[in-house]
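Hello,

Here is the structure you are taking over. Please open it beside this email.

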Amino acid sequence: MAHAAQVGLQDATSPIMEELITFHDHALMIIFLICFLVLYALFLTLTTKLTSTNISDAQEMETIWTILPAIILVLIALPSLRILYMTDEINDPSFTIKSIGHQWYWTYEYTDYGGLIFNSYMLPPLFLEPGDLRLLDVDNRVVLPVEAPVRMMITSQDVLHSWAVPTLGLKTDAIPGRLNQTTFTATRPGVYYGQCSEICGANHSFMPIVLELIPLKIFEMGPVFAL
Amino acid sequence: MAAAPEPVEPEERKSLKLLGFLDVENTPCARHSILYGSLGSVVAGFGHFLFTSRIRRSCDVGVGGFILVTLGCWFHCRYNYAKQRIQERIAREEIKKKILYEGTHLDPERKHNGSSSN
């Protein structure tokens with residue numbers, strides 16, 4: 001989860017998120033250099049003693065400041081498109097879970113190996129145990145195996161919602177009447193948090209998502225396979 | 001009986017953010033690129049000034065040198081970092097495979113020894 005006043009991205013828990021962080025670093029360095037150049041140009045403009053206001057011909061300068069931004073955009077676009085297509089790869093998921101958004105909770109269905117269906121409500125502050133996270137912890141977490149490709153089918157029963165888990169690099173809209181699909185492979189066990197990311201009413205901020213990622217051996221002993 | 005020492009949390013690396021957003025401490029290759037860029041800027045700007053004695057133009061050359069050297073170091077370092085990550089991932093997978101398949105017919109070492117003895 002994010003710590004207080006965190007601005008940057010959370011640590012990656014999936015290969016896609018690692019790629020996104022790499023791309024983010026790359027874009028940020030380019031942005032930093034452009035900002036540096038612009039600040040320098042501003043400084044020169046403010047400190048120059050030149051006062052001529054004649055419009056002059058500057059074909060070479062105009063060519064440079066047209067071609068250079070185009071090159072910069074290509075340098076940003078190529079890695080971006082690479083990751084975009086990578087996120088659309090379907091790599092034979094071993095497990096499918098349905099996630100249905102409601103006002104204001106999530107329903108999860110594990111129907112591959114049985115009929116496990118449950119709701120996931122945010123824990124109200126009065127019901128928090130010491131160590132629980134306010135506005136993030138839920139009564140029933142989504143338990144999933146580590147290092148197994150998982151497919152999430154996301155939809156909504158009423159209004160628009162969005163199922164997001166930042167550390168996995170996931171954000172998929174839950175649209176009524178439509179099934180959206182996202183796949184991911186978690187690389188390390190732990191408990192990971194997300195929040196609804198599409199305005200959906202009064203309690204939009206109070207319908208979090210909690211994933212509990214556990215080793216496959218322990219997952220196979222769990223309630224999904226015991227049904 | 002002495003009490004067991006409490007585990008100490010690892011210290012978080014302090015983050016230095018250039019222009020308020022570029023975290024040079026926690027971004028791989030950023031500190032290295034900025035430092036070499038600064039050195040390149042000083043060398044280019046000062047060298048230009050020594051040859052031409054033009055202050056303003058030397059500052060422009062310095063800024064241009066900073067941008068070019070930083071970009072060059074950045075791409076070079078990130079390329080090597082990406083190669084290193086791929087090698088680390090391959091090594092991790094091979095170690096996992098070895099642990100899983102040791103002693104079985106799928107053991108990579110057995111296959112390798114078998115092919116070398118043939």
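What follows is a short account of what was found.

First, a caution: this is a predicted model.

**The largest nonpolar core.** This core has 28 residues. Y110(A), L144(A), W163(A) and L211(A) have the most contacts inside it. Several strands of chain A give two or more residues each. They are strand 1 (95–102), strand 2 (105–110), strand 4 (142–145), strand 5 (150–156), strand 6 (161–165), strand 7 (170–174) and strand 10 (208–214). Strand 10 of chain A gives the most, with four residues.

Look at L211(A) next. Leaving aside neighbours within four places in sequence, L211(A) is in contact with V142(A), L144(A), W163(A), V165(A) and L168(A), among others. The list also includes F184(A), G190(A), V191(A) and Y192(A).

**One threonine.** T182(A) sits in strand 8 (residues 180–184) of chain A. Is T182(A) buried or exposed? Its relative accessibility is 13%, so T182(A) counts as buried; the cut-off is under 20%. Beyond its neighbours within four places in sequence, T182(A) is in contact with V150(A), R151(A), M152(A), I154(A), L170(A) and T172(A).

Best wishes

Technical notes
Residues are numbered from 1 along each chain as its sequence is written. Chains are lettered from A and ligands numbered from 1 in the order in which they are written. This is a predicted model: local features need pLDDT of at least 70, side-chain atom pairs count only at pLDDT 80 or more; totals for chains, interfaces and linings use all residues. Side-chain values use heavy atoms; hydrogens and water are left out. A nonpolar core is a set of buried Ala, Val, Leu, Ile, Met, Phe, Trp, Tyr and Cys residues joined through side-chain atoms within 4.5 Å. Buried means under 20% relative accessible area, exposed over 50%, partly exposed in between (1.4 Å probe, protein chains only). Contact means heavy atoms within 4.5 Å.
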